[in-house]
Amino acid sequence: MPRRLMPLQVASYLILTVGAAVMIFPFVWMLLTSLKPLPEIYSLSWFPRQPTLDNYVTILFRYQFGRWFLNSLVVGAVTTLSMVAFCSLTGYTLTKLDFPGKGFVFVLILATLFVPTEMLVIPWYASSVRYGWVDTYWGIMFPGMIHAFGVFLMRQFFQGLPSDLLDAARVDGLSELGVFWRVALPLMKSPLAALAILAFLGNWNAFIWPLIVTNRSEVFTLPVGLAMFSGEAGAHWNLITAGATLSVFPVLLVFAIFQRHIIESIALSGVKG
Amino acid sequence: MGTLRPRGRRIQLTLRQRRTLWAYAFLAIPLFFFLAIRIWPMLQAFQLSVTRWHVDPAQRVFVGLHHFRQMWGDARFLQALRNTALYAAIGVPAQVFLGLGIALLLNNIRRARGLFRAIYFAPYVTPAVAVAWAWSYMLSPHLGVINSILWLVGIPPQPFLTSPAQALPTVAAVVVWQFVGFHVVIFLVALNSIPREIYEAARVDGASGWSLFRRITFPLLNPSLVLAVVMATASPSIGILQLFTQVMNLRMYDPGGPLGSTSTVVLYMYQVAFRRFDFGYAAAIIVVLFAIILAVSLIQLRVLRRRFEY
């Protein structure tokens with residue numbers, strides 16, 4: 001039996017390695033290019049002959065990549081906090097509390113899952129103009145404050161929480177808020193972390209809405225700034241790839257640390273949702 | 001006892017009322033967000049689609065189905081619609097079958113499985129804008145590394161994104177590259193949930209290799225397969241029918257070009273809304289896409305469920 005399996009395994013490793021090289025190559029090429037001085041872009045060198053960090057200095061200090069990086073961090077942090085707070089609260093209420101109208105609320109939230117973001121950007125923009133939210137952080141952030149995806153993710157996890165535990169806490173005199181905050185939430189640390197990571201990544205990568213709602217470069221998020229900068233940078237691929245590396249690297253770092261967590265929650269949300 | 005009973009019921013009633021109050025207190029802000037951010041704007045989109053837009057609300061006119069009739073004579077819209085269908089026809093099967101293939105290979109190996117899984121998944125979590133620009137550089141006809149590699153193996157340089165014939169398949173390939181890892185993960189979970197005993201029993205019965213896959217693995221994967229196809233086509237995160245970011249960034253100087261050959265419905269909607277500021281027509285376009293997405297998802301769920309049912 002093991003003898004017959006050998007060639008199959010070797011072939012599997014071989015194909016997977018070639019495939020993995022295709023997956024990694026763009027990141028490697030991005031990084032290598034970002035370390036090359038401009039003339040080497042035109043001489044088509046493979047490895048930077050005179051590696052330099054000048055490109056990063058240029059985009060951070062001559063252009064506004066530093067500012068865009070901070071904008072993305074602020075937007076990501078606030079929306080993530082809001083997502084974690086409100087999605088867990090809603091998921092908990094829908095699983096662990098009984099109240100009239102629950103079915104209606106459930107369907108209402110479920111329905112929003114079927115409406116693509118692209119369909120909402122025009123009304124969002126019209127409202128943003130009306131209320132003066134264009135070119136503000138709030139304008140970028142408001143659509144990301146809550147999402148049905150997060151509600152249903154948290155619902156999955158709260159369903160596994162025994163209700164007896166919550167009832168025991170109620171008997172001990174905790175209020176409903178106390179039960180949620182002191183008993184239910186502390187048991188959800190790892191799902192909450194998963195939700196936080198997914199929410200942050202989603203907002204860090206978001207493009208179409210931040211592109212629409214911002215015109216002034218001071219409020220661009222990193223993807224919008226990168227797109228605008230690159231659109232005008234011509235063949236300065238050394239600078240463009242430095243910007244791209246700057247926006248990819250934090251994500252890959254977070255991914256490398258929480259890889260197992262992220263993949264498992266994506267799998268869970270995909271399989272069950 | 002007789003006096004306690006009604007009292008007990010009253011307390012229970014108030015308890016339930018208090019629970020209800022708590023529930024709605026918890027839901028107040030989230031529900032407000034859902035209504036204000038999702039439900040209300042959705043209704044506004046429908047309303048806009050039958051309105052001739054004007055900055056001054058008093059001068060907005062109801063035009064009925066005018067925009068929807070306008071679409072059928074709009075060559076650029078029809079091209080974007082055709083392209084979107086083509087993207088789906090290329091991208092969805094490619095993503096799903098590559099994802100399934102990689103997952104099956106990963107299932108064969110023991111060591112480094114987690115590492116491979118992470119590598120295949122990584123592009124899915126990275127910003128589409130950044131990787132689109134990296135690909136745009138790699139695919140550039142004169143400075144790009146892809147043509148250098150092709151030259152090394154004796155293939156003449158290709159125009160890729162600059163040729164009306166090659167641009168759309170090239171964009172589709174970049175999209176497949178970015179999203180295939182998602183499907184790998186979905187299929188790995190499904191493969192791991194198939195009980196080992198089933199395989200052992202089938203082996204005892206003399207099944208092996210291909211027939212094992214065709215008779216057991218494939219039918220048992222059916223729910224995940226349906227899910228993968230539906231998600232790849234129309235999910236909010238990776239749905240190819242909503243393709244925009246990659247198309248926009250792979251050809252920033254001429255989005256949708258050359259000659260409109262890479263344009264998509266969402267890109268065209270964006271151009272109509274934010275270049276021509278014709279919000280009414282743009283809303284009608286996106287309403288049509290919404291209808292298509294709903295219809296396609298429902299058809300897929302029905303047809304695929306039935307076809308592979310065992």
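This is a predicted model: local features need pLDDT of at least 70, side-chain atom pairs count only at pLDDT 80 or more; totals for chains, interfaces and linings use all residues.
Chain A is built from 14 helices and has zero strands. Read from the N terminus, its elements follow the order α-α-α-α-α-α-α-α-α-α-α-α-α-α. The radius of gyration of chain A is 23 Å, well over the 19 Å that the globule rule gives for 273 residues, so chain A is more spread out than a compact globule. Along the principal axes, its C-alpha atoms occupy a box of roughly 75 × 70 × 35 Å. Of the 273 residues in chain A, 43% are buried. When contacts in chain A between residues at least 6 apart in sequence are considered, 76% of them link residues at least 24 apart.

The contact between the two chains draws 72 residues from chain A and 72 residues from chain B. On the chain A side, two or more residues come from each of helix 1 (2-34), helix 4 (65-96), helix 5 (102-112), helix 6 (117-131), helix 11 (189-205), helix 12 (208-213), helix 13 (222-232) and helix 14 (237-272). Helix 14 of chain A makes the greatest contribution to this side, with 16 residues. By class, the side of chain A that touches chain B comprises 54 nonpolar, 15 polar and three charged residues.

Chain B is divided into domain 1, spanning residues 4-49, and domain 2, spanning residues 75-307. The C-alpha centres of these two domains of chain B are separated by 39 Å. Their contact involves four residues from domain 1 of chain B and six residues from domain 2 of chain B. On the domain 1 side of this contact in chain B, three residues are nonpolar, one is polar and none is charged.

Within chain B, helix 5 (residues 128-138) is mostly covered, with eleven of its eleven residues buried. Among the buried residues of this helix are Trp133(B), Trp135(B), Tyr137(B) and Met138(B), together with the polar residue Ser136(B).

The largest nonpolar core contains 162 residues, and those with the most contacts inside it are Ile122(A), Met269(B), Ala282(B), Ile285(B) and Ile286(B). Helix 7 (residues 167-192) of chain B gives the most to this core, contributing 17 residues. Each of domain 1 (4-49) and domain 2 (75-307) of chain B supplies at least three residues to the core.

The surroundings of Ile286(B) involve both chains. Apart from its neighbours within four places in sequence, Ile286(B) is in contact with Glu118(A) and Met119(A), as well as with Ala45(B) and Met269(B). Of these partners, Met269(B) is itself one of the residues with the most contacts inside the core.

A further position examined was Ile293(B), which is found in helix 12 (residues 279-307) of chain B. Ile293(B) counts as buried because it has 23 C-beta neighbours inside 10 Å, where 20 or more are required. Leaving aside neighbours within four places in sequence, Ile293(B) is in contact with Pro116(A) from chain A, and with Ala234(B) and Leu241(B) from chain B. Ile293(B) and Ala173(B) lie 120 residues apart in sequence, and their C-alpha atoms are 22 Å apart in space.

Conventions:
Residues are numbered from 1 along each chain as its sequence is written. Chains are lettered from A and ligands numbered from 1 in the order in which they are written. Domain bounds come from an automatic or database domain assignment. Two residues are in contact if their C-beta atoms, placed from the backbone, lie within 7 Å. Helices (H or I, at least four residues) and strands (E, at least two) are DSSP runs, numbered from the N terminus. A residue is buried if 20 or more other C-beta atoms lie within 10 Å of its own, exposed if 12 or fewer, and partly exposed in between; C-beta atoms are placed from the backbone. The radius of gyration is taken over C-alpha atoms; the globule rule is 2.2 Å times the number of residues to the power 0.38. A nonpolar core is a set of buried Ala, Val, Leu, Ile, Met, Phe, Trp, Tyr and Cys residues joined through C-beta atoms within 7 Å.
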